[in-house]
Amino acid sequence: MKQTILVTGGTGFIGSHTTVELINAGYDVVIVDNLSNSQENVIDGIEEITGVRPAFVKADCCDKEAMDKVMSDYPISGIIHFAASKAVGESVEKPLLYYRNNILSLVNLLELMPKHDVKGIIFSSSCTVYGQPDPENLPVTEEAPIKPAESPYGNTKQINEEIIRDDIASGAPIKAILLRYFNPIGSHPSAIIGELPTGVPMNLIPFVTQTAIGIREQLKVFGNDYDTPDGTCIRDYIYVVDLAKAHVKAMQRVLDTDSPQLEVFNIGTGNGCSTKQIIDAFEKATGVKLNWAYAPRRAGDIEKVWANPEKANKVLGWKADTSLEDTLKSAWNWQLKLRERGIQ
Ligand code: NAD
Ligand code: WQD
């Protein structure tokens with residue numbers, strides 16, 4: 001009997017890629033998305049890739065009545081909760097929007113799960129909860145201290161992790177897995193779905209590909225005076241399809257009756273890569289010369305953070321195995337496809 005997974009935020013960047021992998025793994029999927037940061041035609045792309053059209057309900061996860069109806073209409077076994085607002089800078093300007101959207105949406109799901117006998121939830125957390133790990137704590141494990149959030153967005157991730165812990169501690173008949181993503185990048189190898197930032201991209205890779213294709217004049221590298229080998233910040237860039245596959249493994253585990261009620265996993269490659277190394281790797285992988293220049297540091301940037309993913313490797317039986325070269329090529333192919341389709 002096929003199990004049905006509710007994917008909130010499923011027309012978004014990570015949610016759409018995860019929906020593809022869930023379908024490939026034999027699950028039925030119901031996507032709920034309010035299309036505040038994505039487009040409905042992503043569903044067409046998922047169908048084109050998999051041959052299966054997931055059910056789609058346009059709804060706001062903050063609308064408890066709407067979510068109650070979705071969970072009545074479909075035999076949901078598990079939930080992957082991607083739906084959230086995720087722009088760090090915007091969260092500083094509009095904190096209440098972020099607290100409302102990111103916290104109320106989760107509380108609604110947790111309140112409805114027992115009523116509908118939904119057993120498991122996977123929550124999209126972020127390495128942002130670690131802040132700047134102390135040097136002795138790099139690569140960072142799940143046991144690393146949680147640092148005071150540097151933004152309301154990061155705070156919503158920390159608060160949501162605590163809400164899940166407290167709900168389970170109160171005896172809620174559910175299980176949860178918190179996945180702390182590092183920096184997801186790239187696009188599906190088909191170039192049918194990918195990352196589609198609205199407006200000027202904040203994140204590095206979309207800015208790189210938009211500069212390479214001529215949409216942006218020049219990539220600014222924020223700071224070259226950090227305490228790193230080449231002076232630029234270090235991150236753990238993980239291929240979004242590898243990240244998506246981690247969710248399939250986590251869903252299998254959270255629906256497995258013998259696994260613990262609450263688990264946390266770092267989802268990263270375990271390799272730290274500097275901004276300058278990304279630029280060099282992109283130029284090598286694509287043959288495209290990038291117009292870039294050093295610029296002052298960006299406020300709020302973490303100097304260096306990368307994952308120790310051993311727990312996920314061992315317990316989930318999952319490992320990020322796509323090379324940085326192939327990952328960056330997928331991002332470039334997606335940008336070329338967007339131009340071909342007249343989208344960007
Ligand atoms: P995204 O913006 O592409 O996807 C989020 C989706 O949720 C969008 O389609 C948006 O329309 C939808 N949405 C937002 N609020 C909603 C609501 N109230 N009801 C229904 N739908 C709603 O973002 P993403 O990059 O795919 O991130 C997905 C999740 O992963 C988010 O929770 C984000 O915080 C987390 N995350 C992302 C990154 C990253 O670098 N992309 C890193 C760590 C964690
Ligand atoms: C990566 C590196 C920049 C753009 C953010 C959020 C985090 C998570 C992932 C949601 C940094 C440098 C970037 C540019 C640059 N999102 N950079 N020039 O900041 O690590 O993480 O996205 O959970 O919460 O904070 O990702 O891609 O913005 O930056 O030099 O034009 O690239 O300084 O070192 P970040 P990013």
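Q: Which polar backbone atom is 3.4 Å from an oxygen atom of ligand 2?

A: A polar contact is a pair of N or O atoms within 3.5 Å. In this predicted model, a polar backbone atom of Met202 is 3.4 Å from an oxygen atom of ligand 2. Asn183 uses its side chain: one of its polar atoms there lies 3.0 Å from an oxygen atom of the ligand. For Lys220, a backbone N or O atom lies 2.7 Å from a nitrogen atom of ligand 2.

Q: How much of the accessible area of ligand 2 does the protein cover?

A: On its own, ligand 2 has 680 Å² of accessible area, and the protein covers 87% of that.

Q: Which residues come nearest to ligand 2?

A: There are 18 residues around the ligand, and those that come nearest are Tyr153, Leu204, Lys220, Arg235 and Asp301. By class, this shell has nine nonpolar, five polar and four charged residues. Strand 8 (residues 219–222) gives the largest share, four residues.

Q: How many cavities of 30 Å³ or more does the count give?

A: Rolling a probe the size of a water molecule over the atoms shows where empty space is left. Here the count comes to one cavity of 30 Å³ or more. The volume of the largest cavity is about 90 Å³.

Q: What lines the largest cavity?

A: The lining includes Gly186, Glu195, Ile205, Trp334 and Gln344. Two elements give two or more residues to this lining: helix 7 (204–213) and helix 11 (324–340). Helix 7 has the largest share, four residues. By class, the lining has five nonpolar, six polar and one charged residues.

Note on methods:
Residues are numbered from 1 along each chain as its sequence is written. Chains are lettered from A and ligands numbered from 1 in the order in which they are written. This is a predicted model: local features need pLDDT of at least 70, side-chain atom pairs count only at pLDDT 80 or more; totals for chains, interfaces and linings use all residues. Side-chain values use heavy atoms; hydrogens and water are left out. On a 1 Å grid over the protein atoms alone, a cavity is a set of points where a 1.4 Å probe fits but cannot get out, and a pocket is an open set with protein on both sides within 12 Å along at least five of seven lines; lining residues have an atom within 4 Å of a point. Grid points are joined across faces, edges and corners, and a volume is the space filled by probe spheres set on the points. Ala, Val, Leu, Ile, Met, Phe, Trp, Tyr, Cys and Pro count as nonpolar, Asp, Glu, Lys and Arg as charged, and the others, Gly among them, as polar. A residue is near a molecule or strand if one of its heavy atoms lies within 4 Å of it. A polar contact is a pair of N or O atoms within 3.5 Å; within protein, one must be able to donate a hydrogen and the other to accept it, and residues adjacent in sequence count only if both atoms are side-chain atoms. Accessible areas come from the Shrake-Rupley method with a 1.4 Å probe; for residues, only the protein chains shown count as cover.
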